[in-house]
Amino acid sequence: MNAELRELLRSMASDDGAREWEWDRVVLVRNGRKLPFFRNGGPLREEAHGFDLLLLGPDFRPRHYCKVRPREDPKLTHASRILEALATDPVLAGAVPPTRSRRTRNLQVQVTAYLTGPRLDHLLADMPTEAWTAAVDEVLDLAEAISRRLSGGAIDLRPRGANEALPLRELARSGLDHLEEAGFIRGVRPLLEEALARAGTLPMTAQHGDLWPGNVIRSNGGSWQILDFEEFGRVRMPLFDTLHMLRTSELARTGTPPGTIWLARLRSGGSEAAAARRILDARRRALSLSPAATAGALVHYLVELAAWLHGVRRAPPDYWEPVLAELDHVAGVLRSGAALEDLLLPGSGGPSGGPGRPSWSVPGGTLRAP
Amino acid sequence: MRPAEGGGPHGGPPFRPAPGPDLVGSVVNPLWLAELPAREGVLAIARDPAPWVQELACHFSRVHLLEASDAFGAGDGGPPKGGGVCLPFPAGTFDCVVLWSLPRRLGGRRFGRSEARRFLAECRRVLRPGGCLYMAGEKGPGARGWTKALRGAGFRRVRAYYALPSHEGPGHLVPSSGRAVAAFERARPTRGRRSAVRATLARLGGHRFLYRSMIHLAEG
């Protein structure tokens, strides 16, 4: 093993007094883009990802999870600062894995204890609806507590020049611009902007940004632990985590085939959809958000996520196409003249629409890849 | 940010790396698992000039590319002419030699075991003391003998890894021991009967049947 990396692992993940990590106990995983041994002049480009290591103990059980990145990687620095700050909190220390980080001349390494509990997405399929809603509520409460703790702490989670509150339409502008340039929302942008404008101005709150069931572990004691804080604070729209958790957990829970649209499932009614609506309603009431603001939050969530996956992450289509399909569904609802909030919140009367409301006739297929 | 569709990190890694941009340029990262005394010169021997050769330039000051046909002295990587292989470099020229997609040939019928061993010894000759050979390719009929052949060619320390999903896009590199493979399979987030079977197979010594690509790191 490279001497610099070997020394880092030895100092940060000394395992039962072992002086070295034997080669057959180091598994290289999530090998991203190149991590150069040295810089050939100039700073590393942002896409220099690095890789992760799964460190096995003497009994060949996973002991540590280690992220290896270029020294200047801002995301890992950000995540390490958050995790190390939370480790000092008497209440929240147990909500994240114990973490250590260190930099050397070329490398930045973050070592976390390997969490052995099951991931929430593995538990979802066997959970009755009540247990699922309770779990989602607990995880969202935990994420909010972490956000409150960090917002009042030494870590500045706000982008430079960010205001405390922003019109949602402004907040979504860059995402809309990207999706329009990519040819995804031609013809429907005015509809989406109208829904965003109706939402008005929302209070900003730092969001986890990737709060899906795969990033949630149930510890052996039954409490929840949240992982992956590299995107924490990037998004500050208050219902982003709620919407992301509801959408991804329900899709994971039902083992839906590719192409399934979460919003269509919400429309279809049933106890699962009702439970999701109740959670969203309770969350938006706690934030004093109007139904129109909640509908705007949904549009912002989908626009932000699709633009980020497509434009920033440059992820494969498998990642952003399902999000665009949801946005397509939203456009269909808006085009039909129905109120988007009726789709999301309880009391709308279900899929056929309430008294006096137009029934939904969603054309779909309005968004197409160029 | 990773949506549910793509898997995600936790205490354990995601083992379904999405093909695409994330894996572009990851080919040379396994060299972090090797000890290199210096990073001045590297010799890459491949069938065709490949994009990953440019990646080597981020790790080494000098990159020398030798097409396989030139290296073997015969077209298409066939048996060497005159019964021997002589790399056209003085001894101790490079800190690293990268052999790309050749191991299957090395174990094949056209390229016999003794020629393979001579070729590997030649690779070791052009390495500086302590330099590293990076050998990547699909497993062929002679795969089980590669470690032995590398040791026979004089390499001091040989480490074999399974590369997933392939050596061309090694999203994961698993040490080729049953216990390490079993641990890797157990930790996969995409659990299920298939993972359990694979973990059991690995524990019983069948790990060599699970993956199709290997990477060897041999220190001279």
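1. Buried here means under 20% relative accessible area, with exposed over 50% and partly exposed in between (1.4 Å probe, protein chains only). Helices (H or I, at least four residues) and strands (E, at least two) are DSSP runs, numbered from the N terminus.

2. On conventions. This is a predicted model, in which local features need pLDDT of at least 70 and side-chain atom pairs count only at pLDDT 80 or more, while totals for chains, interfaces and linings use all residues. Residues are numbered from 1 along each chain as its sequence is written, chains are lettered from A and ligands numbered from 1 in the order in which they are written, and side-chain values use heavy atoms, leaving out hydrogens and water.

3. Helix α6(B) spans residues 178-187 and is mostly covered, with 8 of its 10 residues buried. Those buried are G178(B), A180(B), V181(B), A182(B), A183(B), F184(B), E185(B) and A187(B).

4. Chain B as a whole. It holds 7 helices and 7 strands. Their order along the sequence is β-α-β-α-β-α-α-β-α-β-β-α-α-β. Of the 220 residues in chain B, 59% are buried. Contact means heavy atoms within 4.5 Å. Among the contacts in chain B with a separation of 6 or more, 69% join residues 24 or more positions apart. The accessible surface of chain B is about 8,700 Å², and carbon and sulfur atoms account for 52% of that. Areas come from the Shrake-Rupley method with a 1.4 Å probe; for residues, only the protein chains shown count as cover.

5. Strand β7(B), residues 213-219, has 7 of its 7 residues buried. Both faces are covered. One side carries S213(B), I215(B), L217(B) and E219(B); the other carries M214(B), H216(B) and A218(B).

6. Pairing of β7(B). Two strands pair if DSSP finds at least two bridges between them. Strand β4(B), residues 127-138, runs antiparallel to β7(B) and is joined to it by 7 bridges. E138(B) has S213(B) as its bridge partner in β7(B). Strand β5(B) is also antiparallel to β7(B), with 7 bridges. There, V158(B) stands opposite A218(B).

7. Chain A, α2 against α4. Helix α2(A), residues 74-86, packs on α4(A) at about 95°, with the axes 11 Å apart. Axes are lines fitted to C-alpha atoms, for helices over the stretch in contact, and angles run from 0 to 180 degrees between N-to-C directions. The two are therefore roughly perpendicular (65 to 115 degrees; under 35 is roughly parallel, over 145 roughly antiparallel, the rest oblique). I82(A), A85(A) and L86(A) of α2(A) meet I146(A), R149(A) and L150(A) of α4(A). By class, that is 5 nonpolar, no polar and 1 charged. Ala, Val, Leu, Ile, Met, Phe, Trp, Tyr, Cys and Pro count as nonpolar, Asp, Glu, Lys and Arg as charged, and the others, Gly among them, as polar.

8. T133(A) also lies in α4(A), residues 129-151. Its relative accessibility is 15%, so T133(A) counts as buried. Beyond neighbours within four places in sequence, T133(A) is in contact with A275(A) and I279(A).

9. Chain A, α7 against α12. The axes of α7(A) (189-199) and α12(A) (317-336) come within 10 Å and cross at roughly 80°. These helices are therefore roughly perpendicular. L191(A), L192(A) and A195(A) meet L327(A), V330(A), A331(A), L334(A) and R335(A). The contact has 7 nonpolar, no polar and 1 charged residues.
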